[in-house]
Amino acid sequence: LVAAGPACPQTMTDSPSSSTLNDTALPRTLEGLRTAYRAGVTPAQVLARLQREWQALPADDAAWLARATEAQLQAQLHALEGQSPDTLPLFGIPFAVKDNIDVAGWVTTAACPGFAYTATDTAEVVQRLQRAGAILVGKTNLDQFATGLVGTRSPYGRPCSAFDDRRISGGSSSGSAVAVAAGLCAASIGTETSGSLLSPAAQNG
């Protein structure tokens, strides 16, 4: 897991397409979000900021391979109704998963179009995060079949370092590291064989 640095039950009127707070006032880290939720911020507001930031990304952004739909986000907000940071340790924490990890109903590609399939089951690690209250917001790019340390071996594009687009992102968990470093999610699942987490973590701070 790559991670960035008040009781608040959700209702379906808290749409992730609306927000009353300035985006800069919303924290991006695990602890920052926990504190904000206890102070009255809602997960819907955090998701609304994410959607606005997705819209502002350049057309050739290569960190994300799939983003949660409005319906998928709303379903996860609905599951948090009546919960809070006091009842769920990861209440409202937005997270992504590397696209070699299955989520039921989502396409898994492992960065290989010919390998792509729609998953029928959800990986246990994803289930555990969701049971703890975390919100899945998307799937991220990787070196094809998770074989590579530089983040450039994907037909879906080359994620750049979150700090300098002239530099590599590192791999193979390239998109996961970039998404967290850019503040688009508070955490992301990657995989490690021989540097696949260490390399992108080093390249993205």
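The chain folds into 6 helices and 9 strands, where helices (H or I, at least four residues) and strands (E, at least two) are DSSP runs numbered from the N terminus. Keep in mind that this is a predicted model: local features need pLDDT of at least 70, side-chain atom pairs count only at pLDDT 80 or more, and totals for chains, interfaces and linings use all residues. Residues are numbered from 1 along each chain as its sequence is written, and side-chain values use heavy atoms, with hydrogens and water left out.

Let's start with what is covered. Of the 205 residues in the chain, 49% are buried; buried means under 20% relative accessible area, exposed over 50%, and partly exposed in between (1.4 Å probe, protein chains only). The accessible surface of the chain is about 9,100 Å², and carbon and sulfur atoms account for 55% of that (areas come from the Shrake-Rupley method with a 1.4 Å probe; for residues, only the protein chains shown count as cover).

Now go inside. The largest nonpolar core has 42 residues, and Trp-64, Phe-95 and Val-137 touch the most other members. A core here is a set of buried Ala, Val, Leu, Ile, Met, Phe, Trp, Tyr and Cys residues joined through side-chain atoms within 4.5 Å. Elements giving two or more residues to this core include helix H1 (30-38), helix H3 (70-79), strand S3 (94-98) and strand S6 (135-140), while H2 gives the most, with 5 residues. If you click on Trp-64, you'll find it in contact (heavy atoms within 4.5 Å) with Trp-54, Ala-96, Val-137, Ala-179 and Cys-185, among others, leaving aside neighbours within four places in sequence.

Ala-179 takes us to H5, where 7 of the 8 residues are buried, including Ser-174, Gly-175 and Ala-179. Just after H5, Gly-183 has a positive phi of about 80°.

Two other covered spots are worth a look. Ser-161 sits in strand S7 (residues 160-161) and counts as buried because its relative accessible area is 8%. A polar atom of the Ser-161 side chain lies 3.1 Å from the backbone oxygen of Gln-203, a polar contact (N or O atoms within 3.5 Å; within protein, one must be able to donate a hydrogen and the other to accept it, and residues adjacent in sequence count only if both atoms are side-chain atoms). Gly-195, in the loop between S9 and helix H6 (198-203), is buried too, since its relative accessibility is 11%. Leaving aside neighbours within four places in sequence, Gly-195 is in contact with Leu-149, Gly-171 and Pro-200.

Next, the charges. The whole structure holds 9 salt bridges, each a side-chain nitrogen of Lys or Arg within 4 Å of a carboxyl oxygen of Asp or Glu. In one of them, Glu-31 pairs with Arg-34, with the closest N and O atoms 2.3 Å apart; both residues lie in helix H1, 3 residues apart, about one turn of the helix. Arg-128 and Glu-124 form another at 3.0 Å. These two are 4 residues apart in helix H4, so about one helical turn separates them. Salt bridges that share partners link Glu-124, Arg-128 and Arg-131 into one network.

Finally, the surface has a greasy side: Phe-115, Tyr-117 and Phe-145 make a nonpolar patch, with about 270 Å² of accessible area together. Patches are made of residues with over 30% relative accessible area and no salt bridge: like charges are joined within 9 Å, nonpolar side chains (Val, Leu, Ile, Met, Phe, Trp, Tyr) within 5 Å. Tyr-117, from strand S5 (residues 117-118), counts as partly exposed because its relative accessibility is 32%.
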